[in-house]
Amino acid sequence: MFKGNIISTIGKLLLIVCNFIGKLKNMSMAESNCSNCTLRAKYDEKPKSFAGRFWRWHINWCPGWKGYMKSLGEEERAELKQQYHLK
């Protein structure tokens, strides 16, 4: 039972990541979907979930997230830094 849940969760996460990568190939940095990201929503809902932890790890090196943060105003950027415990 437990093993099946893990496999199901990993499968769903891989589907989300594959869809995200497919969308990235067809958009410029200006069209970032970071504000509506499915993984980000999962982090907001349940930060300690596997998907939430994956998203939080991912934003440490994601060029899309870095571009998104640069596109925000100073106030919005400060709010996100506080909300997600960023440097």
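Tyr84 counts as buried, at 1% relative accessibility; buried means under 20% relative accessible area, exposed over 50%, and partly exposed in between, with a 1.4 Å probe and protein chains only. This is a predicted model, in which local features need pLDDT of at least 70, side-chain atom pairs count only at pLDDT 80 or more, and totals for chains, interfaces and linings use all residues. Residues are numbered from 1 along each chain as its sequence is written, and side-chain values use heavy atoms, without hydrogens and water.

**Aromatic pairs**

The whole structure holds eight aromatic pairs. Rings of Phe, Tyr and Trp (its six-membered ring) pair if their centres lie within 6.5 Å; planes under 30 degrees apart count as stacked, over 60 as edge-to-face and the rest as tilted. Two of the pairs are listed here.

| Pair | Centre distance | Plane angle | Class |
|---|---|---|---|
| Phe54 and Trp57 | 5.6 Å | 50 degrees | tilted |
| Trp65 and Tyr84 | 6.3 Å | 75 degrees | edge-to-face |

Phe54 is partly exposed at 23%, and Trp57 is partly exposed at 48% relative accessibility. Trp65 is buried at 5%. Trp65 lies in helix H4 and Tyr84 in the segment after H5, so their pair ties together parts 19 residues apart in sequence. Helices (H or I, at least four residues) are DSSP runs, numbered from the N terminus. Tyr43, Trp55, Trp65, Tyr68 and Tyr84 form one aromatic cluster.

**Helix H4**

In H4 (residues 63-71), Gly64, Trp65, Tyr68 and Met69 are buried. They cover an arc of only 135 degrees around the axis, taken from the directions from the helix axis to the C-beta atoms, which puts them on the same side of H4. Pro63, Lys70 and Ser71 are exposed on the other side.

Technical notes
Helix = DSSP H or I, 4+ residues; strand = E, 2+ residues; numbered from the N terminus.
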